[in-house]
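The report below describes a protein fold through its sheet, its helices and a few individual residues. Please keep the sequence and the coordinates at hand while reading.

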Amino acid sequence: MDSRLTIAGRELAGLRAEKTILLAIGIQLFIAAFSSFLVVGLVSMYDPGALDGAQIEVAAAGDAVDDLERAASEVPGASVTPYDDADAARSAFERNAADAVVVATRTESGRVSAAVTAPDATVETTVIVVQLRELLRTYELNERERRASYLEESPLPLPDRSDTSPYFTFTYTVLIPLLVFLPVFISGSLVVDSITEELDQGTMELLRVAPVTLAEIVDGKAAAAIGIAPAQALLWLLLLEANGTAVANVGPILALMTALTTLVVAVAVGIAAVAPDRRAAQLLYSVAVLVLFGGATAMAGGPANAVARLAIDSAGATTGVLVVTYAAIAAAAYLGVRRVVSVDGLGR
C-alpha cells in the first residue's frame, strides 16, 4: 500500500507540469465559481429565445398584414408596422427603420405565404430570428384555430407550452453534467500520458527495478487519476451552491462519476498498454471515450440524464440501480485490465 501511495503522490506532484490539464481545470473552476454570471451568457447561446426584453420592429406588407399585427400583439417584444407594398417595407429595412421584413400574402387556394427578410451575420441576427419564429408560430396557431371549424376532422390538440425556466433547464441538464464529467475525461487522459511517457522515456524500467510490482505501479497511477476527479467535482458543486444553485444528492452524483472515472481509467490503461506511442494512444483514447459516452448518452438512463435527475432530486429506484450497475461494470473493467497488464506487461 505504501508503494502505491508513493506512486500516486508522485503522479499528483507531476501535474504541475501538465499545462493543458491545469488550463482545463482552471476553465472549469472559473465556470463553477462565476456560474451565476456566466449562465446568462451561456443560456443566450443555448436558447436565444430565453432572453427577456428583446424588442424587434417588423416592416410588414401584403394582404394578410392585419392577421400578422394581431399575432404580434400576443408576442412580447414584437411590433409590426404595415406598409403599402413590399418595396416600401424593404426600403424601411434598408434605412434601419425596421429590424426585419415580412411580406404576407394570401394565395388563390386560401393559404398564406410569408416571405421573411432578416439581417445577415450581425450580432442581433439570432435574437431577431428567434422573435420572428415566435411571431410566425403564433400567427400559424391563430390561423389553425380560426380555420378549425372548416375541417372535416378535428386536428390533434397541440401540447401545452412548458413554463420551465430555460436557466433551470440549462443549469441542470447541461452545466452540472458538464462540470461533473469533464474531470472524468481529464483523469483518463492523465493516465494515458503518464504510462506512455514512462515507456517512452524508459523510466518504467527503473520503476520495475524498485521493489514494486507492475500491478502496484498501475494501481498507484490509477489511484491518483481516480482520486482527483471526485475532488474536482465536489469543489465545482460546492461553488455552484455558493452561487445559489442547489444541488441535491451530491453523494450519489460523486459515486456515479467515480465509477465512470474508474471505467475510463481502465480503458486508458488498456489503450496505453497496447499503444505505447503517446499520440496514437491519445487518439485511440479520444475515440474510445466518444464512443463510450456517445453510446451511453443515447440510452434513456444515460449518465448525463442520471446526474440531472439526481441534482434536482427526482431520481427513482432505476437511477439508484444504474449507479450500482456502473460501479460494478467499472470495477470489473479495471480488475480485468489490471490482470491483463500484470500478465502481459505494458507496451508489448
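Which residue in S2 does Ile 56 stand opposite? The residue is Ala 78.

This is a predicted model, in which local features need pLDDT of at least 70 and side-chain atom pairs count only at pLDDT 80 or more, whereas totals for chains, interfaces and linings use all residues. Residues are numbered from 1 along each chain as its sequence is written, and side-chain values use heavy atoms, with hydrogens and water left out.

## Overall content

The protein has 13 helices and four strands, where helices (H or I, at least four residues) and strands (E, at least two) are DSSP runs numbered from the N terminus. Of the 348 residues in the protein, 40% are buried; here buried means under 20% relative accessible area, exposed means over 50%, and partly exposed lies in between, with a 1.4 Å probe and protein chains only. Among contacts between residues at least 6 apart in sequence, 74% join residues at least 24 apart, a contact being heavy atoms within 4.5 Å.

## The sheet

Four strands form an open sheet of mixed pairing in the order S2-S1-S3-S4, and two strands are taken to pair if DSSP finds at least two bridges between them. The edge strands are S2 and S4, each of which pairs on one side only. From one strand to the next the twist averages 25 degrees. Strands of a sheet pair through backbone hydrogen bonds, either parallel or antiparallel.

| Strands | Sense | Bridges | A residue pair |
|---|---|---|---|
| S1 (residues 56-61) and S2 (residues 78-82) | parallel | five bridges | Val 58 and Val 80 |
| S1 and S3 | parallel | four bridges | Ala 59 and Val 101 |

Strand S3 (residues 100-106) is largely enclosed by the rest of the structure, because five of its seven residues are buried. S3 and S4 form a hairpin with five residues between them, and Gly 110 in the turn has a positive phi of about 95 degrees.

Two helices are placed against these strands. Helix H5 (residues 86-94) lies across S1, S3 and S4 and runs at about 165 degrees to S3, with angles running from 0 to 180 degrees between N-to-C directions and axes being lines fitted to C-alpha atoms, for helices over the stretch in contact. S1, helix H4 (residues 65-72) and S2 make a right-handed β-α-β unit; a crossover is right-handed if, with the strands pointing away from the viewer, the path from the first strand over the helix to the second runs clockwise.

## The pair H9 and H10

Helix H9 (residues 214-242) and helix H10 (residues 250-274) pack at an angle of about 145 degrees, with their axes 9 Å apart. The contact is made by residues that include Val 218, Ala 222, Ala 229 and Leu 237 of H9 and Val 250, Ile 253, Thr 261 and Val 269 of H10. By class, the contact of H9 with H10 has 15 nonpolar, three polar and no charged residues, where Ala, Val, Leu, Ile, Met, Phe, Trp, Tyr, Cys and Pro count as nonpolar, Asp, Glu, Lys and Arg as charged, and the others, Gly among them, as polar.

Ala 233 has its place in helix H9 and is buried, with a relative accessible area of 1%. Not counting residues up to four places away in sequence, Ala 233 touches Leu 254 and Met 257. Ala 233 and Leu 254 are 21 residues apart in sequence and 7.2 Å apart in space, C-alpha to C-alpha.

## Two loop residues with positive phi

Asn 249 lies in the loop between H9 and H10, and its phi is near 55 degrees, a positive value in a residue other than glycine. Asn 249 is partly exposed, with a relative accessible area of 29%.

Asp 313 is found in the loop between H12 and helix H13 (317-344), and its phi, near 60 degrees, is likewise a positive value in a residue other than glycine. At 55% relative accessibility, Asp 313 counts as exposed. In helix H12 (residues 303-311), which Asp 313 follows, the buried residues are Pro 303, Ala 306, Val 307, Ala 308, Leu 310 and Ala 311.
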